[in-house]
Amino acid sequence: MATVGFGLTFWAWDLIAPLAAGYKDRLGLSSFQQSLLVAIPVLVGSLGRIPAGALTDRYGARLMFPLVSALTIVPVLLLIPVKDDYVLLLVVALLLGLGGTTFAIGVPLVNSWFPPGRRGFALGVFGMGTGGVALSGYFTPRIAAHGENLPFVVVAVALAVYAVLAAILITDRPGRPVPSASLGSRLRQAGRLRVTWELSALYAIGFGGVVAFGVYLPTYLKTWYDLTPTDAGTKAAGFALVTVIFRPIGGRLSDRFHPALVTSAALAVVALFAVVQAFDPPLAPFGTVALLLMAAGLGAAGGSVFALVSQVTPQSRVGSVTGIVGAVGGLGGFVPPLLMGAIYSAKGSYSIGFMLLSDLALAGCVYAYGRMRTLRASP
């Protein structure tokens with residue numbers, strides 16, 4: 001149930017990205033304006049994970065999951081009347097960020113039900129909910145072909161059905177530790193842990209890369225390789241699907257090996273193939289292979305980082321730490337679309353952006369191996 005809810009709310013969170021080219025053509029947007037429209041839900045959804053995670057520690061996922069799913073219906077439907085006004089679209093995009101907060105609700109729920117030796121794989125399976133980006137990339141433009149408002153109606157109905165089912169079926173683990181301290185106090189305690197910020201930095205590269213590609217890849221493929229919006233959305237969905245498949249693989253490997261070693265290897269793959277893509281290879285086959293291998297590395301890194309979170313974080317603080325780590329990770333996805341749009345507007349090329357990704361991934365690879373592998377599971 002957590003994975004399905006995560007996937008649906010992520011679809012809602014990513015509704016604008018597959019349709020961004022249409023908004024650009026209809027409203028005459030610049031590349032930066034288009035990137036801003038795509039990136040704003042990522043920013044709000046990321047920051048919203050901080051209070052969402054702390055509130056889940058306090059009130060439980062049984063309340064938070066159906067509540068947030070139901071509230072996300074509002075901005076989804078508001079996208080219909082504001083489609084011809086850029087400023088109002090930006091306002092609704094802010095509200096749409098609510099759908100991105102469910103990550104910080106699901107992690108403490110799943111984490112509480114599994115013993116440490118199985119949490120990596122379990123959290124990896126939950127992380128497959130990021131496949132909502134793939135669902136959005138593939139289905140949203142196809143549904144829109146049958147009616148421009150239809151995708152919003154379909155997603156709103158799906159969220160409503162899920163909210164009802166979640167209220168009935170989701171159960172918090174009996175006897176779970178419920179913190180008595182205030183929200184601010186718990187966030188301060190989580191923020192004082194060094195490992196919170198180390199994990200945040202690694203997750204900003206791994207999951208941030210997934211989000212950034214999820215929201216910007218359709219634009220990149222359409223602009224640089226001249227694909228139609230439907231073809232670009234399909235290929236972007238394939239990229240997202242690979243990240244989804246490799247997330248539980250990264251988690252499973254982290255149950256067998258230290259998660260920091262898995263993270264380091266995954267980011268090394270990303271660094272290598274980001275350099276390949278920076279040289280603008282033809283899409284078939286080299287560009288496709290490079291993008292898919294980057295997707296595999298980013299997906300595996302996302303799974304392994306949260307396996308590490310589950311090992312070194314006290315159970316009563318998992319939601320708070322998850323909220324901070326997830327927020328920073330999502331913010332890692334906010335900056336690249338804006339940066340790529342600005343670089344392309346200024347230089348007419350995306351190469352600089354891919355080289356920056358390579359540099360960040362290499363830095364994360366070295367840090368994970370040199371520092372994070374010395375951490376051991378907490379008792």
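The structure is a predicted model, in which local features require pLDDT of at least 70 and side-chain atom pairs count only at pLDDT 80 or more, whereas totals for chains, interfaces and linings use all residues. Residues are numbered from 1 along each chain as its sequence is written, and side-chain values rest on heavy atoms, with hydrogens and water left out.

The structure contains 12 aromatic pairs. Rings of Phe, Tyr and Trp (its six-membered ring) are paired if their centres lie within 6.5 Å, and planes under 30 degrees apart count as stacked, over 60 as edge-to-face and the rest as tilted. One of these pairs joins Phe6 and Phe10 in an edge-to-face arrangement, with 4.6 Å from centre to centre and 65° between the planes. Both residues belong to helix H1 (residues 2-13), where Phe6 and Phe10 are four residues apart, about one turn of the helix. Helices (H or I, at least four residues) are DSSP runs, numbered from the N terminus. Phe6 is counted as buried because its relative accessibility is 0%, and Phe10 also has a relative accessible area of 0% and is buried. Here buried means under 20% relative accessible area, exposed over 50%, and partly exposed in between, computed with a 1.4 Å probe on protein chains only.

Phe6 forms a tilted aromatic pair with Phe103, at 5.6 Å centre to centre and 40° between the planes. Because Phe6 lies in helix H1 and Phe103 in helix H6 (residues 103-113), this pair ties together parts that are 97 residues apart in sequence. Phe6 and Phe103 are both buried. Ring pairs link Phe6, Phe10, Trp13, Phe103, Phe126 and Tyr203 into a cluster. A ring also takes part in a charge arrangement: the charged end of Arg58 sits over the ring of Tyr59, 5.4 Å from its centre. The criterion for this arrangement is that NZ of Lys or CZ of Arg is within 6 Å of the ring centre and within 35 degrees of the ring normal.

In soluble globular proteins, nonpolar side chains tend to be buried together. The largest nonpolar core of this structure has 103 residues, of which Leu37, Val76, Leu199, Phe213 and Leu221 touch the most other members. Helix H11 (residues 194-225) gives the most to this core, contributing 14 residues. A nonpolar core is a set of buried Ala, Val, Leu, Ile, Met, Phe, Trp, Tyr and Cys residues joined through side-chain atoms within 4.5 Å. When residues up to four places away in sequence are not counted, Leu221 touches Asp226, Leu227, Ala232, Lys235, Ala236, Leu283 and Leu291; contact means heavy atoms within 4.5 Å.

Asp226, one of the residues touched by Leu221, has a positive phi of about 60° although it is not a glycine. Asp226 lies in the loop between H11 and helix H12 (229-256), and its relative accessible area of 69% makes it exposed. A positive phi, of about 50°, is also found at Asp280, which is not a glycine. Asp280 is placed in the loop between helix H13 (259-278) and H14 and counts as partly exposed at 27% relative accessibility.

Helix H14 (residues 283-312) comprises 30 residues and reaches 41 Å from its first C-alpha to its last, close to the 44 Å expected at 1.5 Å a residue. The expected span is 1.5 Å times one less than the number of residues in the helix. H14 is mostly covered, with 23 of its 30 residues buried. Pro285 lies in this helix, and the peptide bond from Ala284 to Pro285 is cis, with omega near 0°.

Helix H16 (residues 351-370) includes Ser351, which is buried with a relative accessible area of 17%. Leaving aside neighbours within four places in sequence, Ser351 is in contact with Ala278 and Asp280. Cys365 is also found in helix H16 and counts as buried at 13% relative accessibility. With neighbours within four places in sequence left aside, Cys365 is in contact with Ser264, Leu267 and Ala268.

Thr140 is located in helix H8 (residues 132-144) and counts as buried at 1% relative accessibility. A polar atom of the Thr140 side chain lies 2.9 Å from the backbone oxygen of Ser136. Thr140 touches Trp11, Leu15, Pro18, Leu19, Leu135 and Pro151, not counting residues up to four places away in sequence.

Key
Helices (H or I, at least four residues) and strands (E, at least two) are DSSP runs, numbered from the N terminus. A polar contact is a pair of N or O atoms within 3.5 Å; within protein, one must be able to donate a hydrogen and the other to accept it, and residues adjacent in sequence count only if both atoms are side-chain atoms.
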